[in-house]
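Open the model in your viewer and keep the sequence panel beside it. Each stop below gives a selection and then what is there.

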Amino acid sequence: MSEHGGGGGETSYNSVAGGTVVHGSVIQAHRIESLHIDQYVPPPARQLPHDTGPFVNRVRELDQLHSVARTADGPSGPRTVLLTGLGGIGKTKLVAHWAHLGDLREWFPRHLYVDLEEMRRDGAVDVAAVLRGFLTGLGVHRELLPTDRPGLTALYRSMTATGRVLVVVDNAQHAAEVRGLTPGQGLLVVTSRKLLTALVTRNGAVPIVVEPLDKTAGVELVREWSKDAAETTAAELVRLCGGLPLALLTAGDWLADRPHLGLEHVVRTLAAEDLLTADPTDGSPSMSSVLDAVHDQLPVAAQRLYALVGAADLVDLTHPLARVAAGSDADADTAIGALVNAHLVTHTGEGHDRYRPHDLVRAHARAVAGRLSAPERQELLADAVDLYVDLTAHADQVVGGSGRFRMQPRPRPVGHDLFGTRAQALDWLDAESANLRGITRAAMAGERHDAVWRICESLWPWFNARRPFAAWLELQDRGVEAAQWLGRRDVEVRMRNQLARHHYTLRAFDDAERELAVADALLDLVDDAVLHGMVHETRGLTALAVGRDQDALALFERALHANRRAGDAHGIAVQTYNLAQARIAAGDFTAALALLDEVTALTDTGSPMRTKIDLVRARALRGLGDLDAALDAAITAAELAALDRLTLLAATGLDELDPLSPAAAFARQAPRLDPEGDLYAQLLDAERKFDRGALRPVIDGQLEDVDRSGELTRERMYAFLAGRGVRPPSTPPVPTPVPEPEPVEGRPAATYDVTGDAHPDGVVDLERRPVVAGHHREARGFYAAAVEQGHRQWRQSAEVVARTAVDADAELPAVDWLSTAADDFPDQDVLVAAVDEGRALVRPRGGPLLEAHAERTWGAARPALDPLLLGAAVHVWLVGGGSEQRLLDGLLVRTGRRHVRIGFRAAP
């Protein structure tokens with residue numbers, strides 16, 4: 001905070017607040033009418049893991065990567081590389097080593113990296129969340145990120161259209177997870193333990209198989225840590241470890257801690273343990289014997305920490321977690337050091353206190369935790385769960401403030417200060433995202449339901465500030481389930497309201513309404529007035545967003561009444577402000593101004609709400625035709641937000657703002673300052689020359705379209721349709737009220753995990769397994785998902801997405817739905833929409849629109865056609881090398897003993 005004393009004895013205070021990231025200096029002044037600051041250029045993204053430790057051989061793979069990189073910029077060059085190989089084979093290490101070679105630094109000045117295993121839920125990934133992470137890595141401010149998938153994809157393509165970008169995606173399971181991550185210019189490198197056939201056959205990815213190290217390369221690696229190793233002994237160790245670099249390095253570190261033993265002893269020990277027992281899931285050599293041998297020699301504190309990784313399903317380790325497992329700071333340091341030295345965890349490079357185990361090590365840690373007695377495992381898990389309850393509660397207080405409504409008691413002291421500032425607390429929550437999902441999942445399995453909902457409640461300020469969409473849905477679903485197990489209807493209301501806010505933010509209003517309908521029904525069993533106010537407010541915001549102005553007014557009135565009953569001054573101000581917005585939407589501008597006067601009296605001068613109030617006041621005055629007063633109100637709002645706006649422009653620059661946005665319009669009128677000159681003199685000169693009238697067209701232009709967005713969109717859309725021979729309706733459409741939710745029983749599975757084979761004679765064999773939330777860690781094949789049900793990430797990871805509702809029950813005809821779905825599901829291979837029980841429309845990626853029907857035998861009724869089965873069969877046929885033209889001859893689809901013949905015909 002700074003003070004400025006004027007000649008009249010006036011003192012003003014300026015502060016930079018909010019979650020804004022400041023780059024360089026911040027100018028503080030008594031009054032700044034307008035200021036233009038040159039665009040901030042973020043440092044190039046370099047997200048790939050560091051190239052550390054020994055690296056041997058891989059000449060063939062490096063040559064192949066170089067060859068693809070050299071041709072990637074050509075008009076017909078490949079844009080995607082698929083690296084496949086066993087877990088622990090060194091795929092990520094290979095890419096990191098290759099990317100850090102001298103010439104590659106010039107080819108790809110920017111690196112983006114994501115490990116999908118950290119973001120996976122029930123075998124699928126929220127691709128939109130991956131795009132958000134990439135865009136922030138490229139320098140886009142969080143507040144400027146689009147909320148919808150098409151907007152994210154378009155911005156990602158724009159941000160990667162110039163300058164080569166290397167995008168590395170680790171641990172992919174589905175082709176649909178990575179298609180949309182291809183940069184506009186550069187190369188996408190995908191690693192997977194299995195061949196993603198669709199990515200190769202349908203998208204032209206170049207497959208590179210990373211084989212186990214041969215004897216020569218393996219012996220070279222062994223001699224990195226055992227210089228005098230005999231050729232035959234080293235070769236035998238390579239054989240016993242199956243040529244897996246991770247197993248060889250782990251065995252080497254086990255030996256390094258026992259210098260009195262020789263390599264021959266290691267070989268005898270591992271041979272006695274029958275290391276080459278086959279893993280039944282993928283036929284790879286088992287590493288359990290190597291890891292068991294290393295684990296047994298760890299200090300007790302390190303063994304407890306290792307078991308905690310498995311018991312709590314952790315992705316990262318931190319010093320507080322180590323202290324929980326080890327019991328003291330000294331033992332925690334010893335435990336982490338022992339795991340690092342044994343190559344069981346590596347430093348992530350994110351801060352000084354975060355370590356990550358390899359996914360094979362995590363799997364082994366789960367097995368180790370499973371060997372503990374139930375009381376031992378529960379005690380270990382309980383300490384970690386309690387730690388997260390306390391740490392998330394402290395982060396909640398730092399970010400949300402001590403006055404935020406909380407249902408849980410104040411947190412216990414944690415004895416150490418992980419975060420002293422709001423930014424530090426938010427950064428910690430970002431880094432802990434995967435651990436939060438793991439710890440709550442383990443806590444639910446351990447019946448620690450009370451801890452689960454407390455953690456979820458404490459995360460609300462994190463969502464409000466950072467929008468962690470990938471984690472939020474899973475966490476809040478878990479919070480709802482925990483509340484139901486406890487019979488806590490008040491907690492369930494809170495969790496469902498937080499879940500509804502997630503849907504509301506993403507403009508998924510139907511999903512928000514479903515959660516709110518249940519929460520509203522539960523309010524009859526809940527006395528807390530604050531919870532009543534929360535639910536009514538969220539329902540009001542949702543109603544206002546979909547154009548139900550009168551419903552919004554009634555709901556905000558109920559929310560205001562509830563907040564008055566609770567004595568919540570802040571809630572009263574917020575609901576009065578919401579009522580003013582609803583009055584404007586209903587066209588009652590005079591009543592809106594009276595409400596805004598009320599809320600102004602209820603808020604402090606420095607409150608962030610003052611800016612919002614004056615902007616809404618400008619809209620109301622504009623509605624009454626008082627343009628001068630509207631201009632004054634808008635400028636007052638701009639003055640109140642001046643410091644935040646300055647910082648935003650310094651962080652993003654005019655070129656990165658939406659050219660149609662108010663911020664860009666104001667910035668274009670701003671004087672440009674010479675950074676080498678006298679800044680103070682330039683500011684004084686700019687103030688003398690400032691002409692408020694120059695901003696009038698800007699204000700008028702920005703206020704002109706407020707409250708008319710729907711009308712303008714309709715006019716433009718009708719003109720577009722008229723140009724294509726479609727007659728618009730004679731009267732403007734009105735929103736249809738959302739019907740009351742009705743329970744639906746006997747629904748089929750929403751998503752299937754599908755494997756299959758296609759035969760040249762038009763026969764397709766399929767096996768389908770329902771995907772069940774919370775019970776599906778890894779896919780066997782590809783996903784086929786219904787658009788009406790299931791988790792969003794299932795649909796984003798699916799190769800097949802189908803609308804299973806028939807035309808008679810759907811809002812759009814099948815052909816229209818397929819047109820809009822192409823934008824919503826740009827990475828899926830096959831889209832299907834049911835027409836009736838026996839017919840559906842199907843559109844392969846980049847292919848023609850086809851009508852499919854289930855054929856019947858003579859004298860029999862026409863069989864029903866399952867849209868998900870249809871889509872899966874078409875995908876398997878195309879991936880297997882079948883042509884779209886050959887589909888017109890029909891397919892015979894077999895699922896076990898059942899079969900259906902499907903006919904196709906092209907659109908006329």
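**Stop 1**

Residues are numbered from 1 along each chain as its sequence is written, and side-chain values use heavy atoms, with hydrogens and water left out.

Now widen the selection to strand S10 (residues 751-758). Four bridges join S10 to S12, and the two run antiparallel. Strands here are DSSP runs of E with at least two residues, helices are runs of H or I with at least four, and both are numbered from the N terminus. Two strands pair if DSSP finds at least two bridges between them.

S13 pairs with S12 in the parallel sense, over three bridges. Click Ala785 to find one of these links: its bridge partner in S13 is Val801.

Which residues cover the two faces of S12? Phe782, Ala784 and Ala786 are buried on one side, and Tyr783 and Ala785 are buried on the other. That makes five of five residues buried in S12 (residues 782-786). Buried means under 20% relative accessible area, exposed means over 50%, and partly exposed lies in between (1.4 Å probe, protein chains only).

While you are in this part of the sequence, select Arg768 and Tyr752. Arg768 lies over the face of Tyr752, at 4.2 Å from the ring centre. The test is that NZ of Lys or CZ of Arg is within 6 Å of the ring centre and within 35 degrees of the ring normal.

**Stop 2: strand S6**

Select residues 186-192. This is strand S6, and seven of its seven residues are buried, so the rest of the structure largely encloses it.

Show strand S3 (residues 80-84) next. S3 and S6 pair in the parallel sense over five bridges. Leu82 has Val190 of S6 as its bridge partner.

Then show strand S5 (residues 165-170). S5 also runs parallel to S6, joined by five bridges. Here Val165 has Gly186 as its bridge partner in S6.

**Stop 3: helix H9**

Select residues 231-240. In helix H9, Thr233, Ala234, Ala235, Leu237, Val238 and Leu240 are the buried residues. Step just past H9 to Gly242, which takes a positive phi of about 65°.

**Stop 4: aromatic pairs**

The structure holds eight aromatic pairs. Rings of Phe, Tyr and Trp (its six-membered ring) pair if their centres lie within 6.5 Å; planes under 30 degrees apart count as stacked, over 60 as edge-to-face and the rest as tilted.

Select Phe134 and Tyr156. Their ring centres are 6.1 Å apart and their planes meet at 25°, so the pair is stacked. Phe134 is in helix H5 (residues 127-137) and Tyr156 is in helix H6 (residues 149-159), so the pair ties together parts that are 22 residues apart in sequence. Phe134 and Tyr156 are buried.

Go on to Phe463 and Trp472. This pair is stacked too, at 4.7 Å centre to centre and 25° between the planes. Phe463 and Trp472 are buried. Arg467 lies over the face of Phe463, 5.1 Å from the ring centre.

**Stop 5: Ile902**

Select Ile902, in strand S18 (residues 898-906). Is Ile902 buried or exposed? Ile902 is buried, with a relative accessible area of 0%. Beyond its neighbours within four places in sequence, Ile902 is in contact (heavy atoms within 4.5 Å) with Ala852, His853, Glu855, Leu865, Leu870, Gly890, Leu891 and Val893.

**Last stop: confidence**

Colour by pLDDT, the predictor's confidence in each residue, from 0 to 100. The mean for the protein chain is 78, and 75% of its residues reach 70 or more. Confidence is lowest in strand S1 (residues 2-5), at a mean of 37, and highest in helix H20 (residues 449-458), at 95.

Select residues 1-38, where pLDDT stays under 50. Then select residues 642-653, where the pLDDT is below 50. Where pLDDT is low, the predicted coordinates should not be read in detail.

Technical notes. Predicted model: local features only at pLDDT ≥ 70, side-chain atom pairs only at ≥ 80, totals over all residues.
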